[in-house]
Amino acid sequence: WAGLDPKAEALVMTVLEEHMPAPQSYGMVETGIKEDWTRRLETAEGLAEAACQRLQTLFPQWDVKIETLRGGAAPAILYKAGVWPADLIVIGTHGRSGLVRAVLGSVSTKVIHEANCTVRVGRSCKHDGPIRLLVADDGSPGAEAAAAQVCRRVWPEGTEARTISVWNP
């Protein structure tokens, strides 16, 4: 669907966010934090493993690895994308808007604005028919880069593309 190369390196990341530091009881009081952390870590790693298996099934020639990081999701993704270095970040979204997004923040928005590479945000949708691409061009270097990315990819037969020119006086 995405016009991705048949051979690529992919990294499936899971980031376990630490919302508060674990209290230190020095073995005198059982806090339950360690068990909760272990359970969350196992869940996160299980999701990453399932995503890895899906990618390996869809793209058998890809070299897919998994990595688990701790901390804030957006900073961890941006850090890894910079040091690896990534050519493309694919990230999902919760679809929050307005006040909820303002209060909780948006990992995908932060990554879009701060990444040094292309970012694709995946949203849950059902689509039948050919792939349809909309490429907007306002004459900026970013628009030129986007058009070049689309042209470099191999798209399935029947893919439809439209280009719109946007002028902001």
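Student: Which elements do the buried residues of H2 pack against?

Tutor: This is a predicted model. In it, the buried residues of H2 pack against strand E1 (9-16), strand E2 (63-70), E3 and helix H4 (107-114).

Student: Which residues of H2 are buried?

Tutor: Start with the general idea. An α-helix has 3.6 residues a turn, so residues three or four places apart point the same way. Now the case here. The buried residues of H2 are Ala 73, Ala 74, Ala 76, Ile 77, Leu 78, Lys 80 and Ala 81.

Student: Why does Lys 80 count as buried?

Tutor: The cut-off is under 20% relative accessible area. Lys 80 counts as buried because its relative accessibility is 17%.

Student: What does Lys 80 contact, beyond its neighbours within four places in sequence?

Tutor: Leu 11, Met 13, Glu 67 and Leu 69. With Glu 67 there is also a polar contact between side chains, at 3.0 Å.

Student: Which residues make up the largest nonpolar core?

Tutor: The general idea again: in soluble globular proteins, nonpolar side chains tend to be buried together. Here, the largest nonpolar core has 10 residues: Ala 74, Ile 77, Leu 78, Ala 81, Ala 86, Ile 89, Ile 91, Val 111, Ala 115 and Cys 117. Helix H2 (73-83) and strand E3 (88-92) are the elements that give two or more residues to this core. H2 gives the most, with 4 residues.

Student: What does Ile 89 touch, not counting residues up to four places away in sequence?

Tutor: Ile 77, Ala 81, Val 111, Ala 115, Cys 117, Thr 118, Val 119 and Arg 120. A second, separate core has 7 residues, among them Ala 10, Val 12, Trp 62 and Val 64.

Student: Now the surface. Which residues make the nonpolar patch of about 270 Å²?

Tutor: Leu 134, Ile 164 and Val 166. Ile 164 belongs to strand E6 (residues 160-165).

Student: Why is Ile 164 called partly exposed?

Tutor: Partly exposed lies between the buried limit of 20% and the exposed limit of 50%. Ile 164 falls in that class because its relative accessibility is 38%.

Student: How do the elements of the protein chain run from the N terminus on?

Tutor: The order is β-α-β-α-β-α-α-β-β-α-β. That comes to 5 helices and 6 strands.

Student: What share of the contacts with a separation of 6 or more comes from residues 24 or more positions apart?

Tutor: In the protein chain, 75%. Buried residues make up 21% of its 169 residues. Its accessible surface comes to about 12,600 Å², with 55% belonging to carbon and sulfur atoms.

Technical notes. Residues numbered from 1 in each chain as written. Predicted model: local features only at pLDDT ≥ 70, side-chain atom pairs only at ≥ 80, totals over all residues. Heavy atoms only, no water. Patch = residues over 30% accessible without salt bridge, like charges linked within 9 Å, V, L, I, M, F, W, Y side chains within 5 Å. Areas by Shrake-Rupley, 256 points an atom, 1.4 Å probe, with all protein chains shown as cover. Salt bridge = Lys/Arg side-chain N within 4 Å of Asp/Glu carboxyl O. Buried < 20%, exposed > 50% of the residue type's maximum accessible area, 1.4 Å probe, protein only. Core = buried A, V, L, I, M, F, W, Y, C linked by side-chain atoms within 4.5 Å. Contact = heavy atoms within 4.5 Å. Polar contact = N/O pair within 3.5 Å; in protein donor to acceptor, adjacent residues only side chain to side chain.
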